Amino acid sequence: MVIENLKHRPVRTLLSAIAIGVQVTMILTLVGVSRGMLQDMAQRARGTGADVLVRPPGSSIIGFSGVMPEKIAPVVLAVPHVAQVTATLVQPVGNISSITGINLEEFNKMSGGFRYLEGGPFQGPQDLIVDEVFARSEHVHLGDHVDQGIKWRVAGIVESGKLSRMFAQLRELQDLFSATGKVSVIYVKVDTPANIPVVIESLKEKLEDYKIYSVEEFTSLISVDNIPLLRRFIAVVIALAVIVGFLVVFLSMYTAVLERTREIGILKALGASPGYILGILVRETILLAVAGTAVGILMSYGTRTLMRVMAPTMTQVIVPDWWPWAALIALVGSLIGALYPGLKAARQDAIEALAYD
Amino acid sequence: MIEVRDLKKTYHVGEVDVHALRGVNLSVERSEFVAVIGPSGSGKSTLFHILGGLTPPTSGTVYIDGQDLLGMTDGQRTELRKKSVGFVFQKYNLLPTLSAADNIAIARDIAGRPRESDQAFDQILKLLGLEGRLHHKPRALSGGEQQRVAIARAIVNHPAILLADEPTGNLDTENSQAVLGVLRDLNTRMGQTILMITHNPEAAAYGHRIVKMLDGRIVD
């Protein structure tokens, strides 16, 4: 009966499932983008080739805006087993993007070098190297000028995966933004991986209060759980999703109950208890929520494709571990939505319902 | 089988009391086929609803198959409808989304019995002439066929009484005779107790006896 009821109004069933699907997609896309961007950030951190990184005291995991004296770099290099260091300055530009100032020679040595898809290294003072994702996203070509408060000329487009999306020369960036002698992160290469703990220990002794992480530790810390603001934002979106699910199912079930008033009367005349009638609506709701979840999961693949085309810098990953949660959230919202119409149906007077036309 | 004494039913409509039944006395024996006739507003439908456990009586005694309906809770009246009473309505009242077979099966399901038909019931379906029509939805059935499906659904759980409210009210003469013939067959061959409300004197003549109602009382 449950399936027949849903089949009886195919358009309403389809629209309800799609609306629940949108709710599921909202959640999966948000979580997928959050995780995707953080994973991308972690991957780019690994792309530096560094084993350890040193950051200013009090700096957060995500923000790179804190600065420290550049003269710390030789101190770090002097630590036993440190093979190489390179300092970078992260300068926020525009709304949420940033340019990373690097010493190209040092950075190439540590990371293995950029792979240029177009152009080459810096030629002039206000030259910029961008990665392919940024170039595709901003429709930037070699020789173009990028206005980030200051007009930069694109000298090279490189394969992505190394530290940042926009690179400038460290000295130039320091001078332009009044940060002479300041850097945001010092990347450290250790002679052998086995010595990483020893180097970290030595650095902690020498640079009290500074944040010193192995790259593995740093990348493991880049997660949604460690960013309270993002966690709260996800919670807000989930709450909105529950409300959307509730409203969709409420309206769908409410109209279904009104439309089926006579049928409910018939069931009551046959001896159906309120629980039996409520059970039919609950099972219909569960089916709708399951169908909606499936639709939502499929749509999250669609949003990923859409992101790749429309916002290449926003990496969305598919998050199968969140599918059960999204299904549960859809189910809870839907069941709350079905509750009032269901109780209304269950309490309907049989004689009035049978007289309903 | 049915024992009604001084049955009264008063509806409160706004601030007005409407006395639908004003002291009905009625006895129906097991396997009896009784036709109830009377003009609109005479209380036939109210009597039908009380006997079927759809609404509680205001006062008096009503016994169906040994169960006293006065003071029954909603849950007890639901049990009564599930197990002891079968309804046939003028408008057939089949569930439009289900096939004829499923319309019958859902009554079994509600009663907590297996949905599959038993051999004895297959014989009844044969008697009702529904073989070959069971997998059609109501919209694909004629009025007569729909009413026969409704009868099958009403008796699938072997109720003590079958209450039929104007069962031929929406049917042409030929289908009316077929449905009335089925009711009479159920009564004579299977001993089904039937209480039928009708406006039609020819339909009423199918019963063993006719009870006439007027102004909330049985007058004849």
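**Helix 3 of chain B and its surroundings**

Modeller: The axes of helix 3 and helix 5 of chain B approach within 8 Å, crossing at roughly 25 degrees. Keep in mind that this is a predicted model. Two packed helices are described by the angle between their axes and the distance between the axes. Angles under 35 degrees count as roughly parallel. Helix 3 of chain B and helix 5 of chain B are therefore roughly parallel to each other. Their crossing is right-handed.

Now the residues at this contact. Helix 3 of chain B brings Ala100(B), Asn103(B), Ile104(B) and Ala107(B). Helix 5 of chain B answers with Val149(B), Ala152(B) and Arg153(B). Sorted by class, the contact between helix 3 and helix 5 of chain B has 5 nonpolar, 1 polar and 1 charged residues. An α-helix has 3.6 residues a turn, so residues three or four places apart point the same way.

Next, burial. In helix 3 of chain B, the buried residues are Ala100(B), Asn103(B), Ile104(B), Ala105(B), Ile106(B), Ala107(B) and Ile110(B). What covers them? The cover includes helix 2 (74-83) and helix 5 (143-155) of chain B. It also includes helix 11 (274-310), which belongs to chain A.

Just after helix 3 of chain B comes Gly112(B), with a positive phi of about 80 degrees. Tyr92(B) is not a glycine, yet its phi is positive, at about 65 degrees. Is Tyr92(B) buried or exposed? A residue counts as buried if 20 or more other C-beta atoms lie within 10 Å of its own. Tyr92(B) has 23 other C-beta atoms within 10 Å, so it is buried.

Asp6(B) is not a glycine either, and has a positive phi of about 50 degrees. Asp6(B) lies in strand 1 (residues 2-13) of chain B. It has 14 C-beta neighbours inside 10 Å, so Asp6(B) counts as partly exposed.

Last, a look at chain A, which supplies helix 11 to the cover described above. The domain assignment gives chain A domain 1 (2-40 + 227-355) and domain 2 (57-209). The C-alpha centres of these two domains of chain A lie 46 Å apart. Their contact takes 4 residues from domain 1 of chain A and 6 residues from domain 2 of chain A. On the domain 1 side, the touching residues divide into 3 nonpolar, 1 polar and no charged.

Note on methods
Residues numbered from 1 in each chain as written. Chains lettered and ligands numbered in written order. Predicted model: local features only at pLDDT ≥ 70, side-chain atom pairs only at ≥ 80, totals over all residues. Domains from an automatic or database assignment. Contact = placed C-beta atoms within 7 Å. Nonpolar A, V, L, I, M, F, W, Y, C, P; charged D, E, K, R; others polar. Helix = DSSP H or I, 4+ residues; strand = E, 2+ residues; numbered from the N terminus. Buried ≥ 20, exposed ≤ 12 C-beta atoms within 10 Å, placed from the backbone. Axes fitted to C-alpha atoms, helices over the stretch in contact; angles between N-to-C directions. Parallel < 35°, antiparallel > 145°, perpendicular 65-115°, else oblique. Left-handed = near helix turned anticlockwise from the far one by under 90°.
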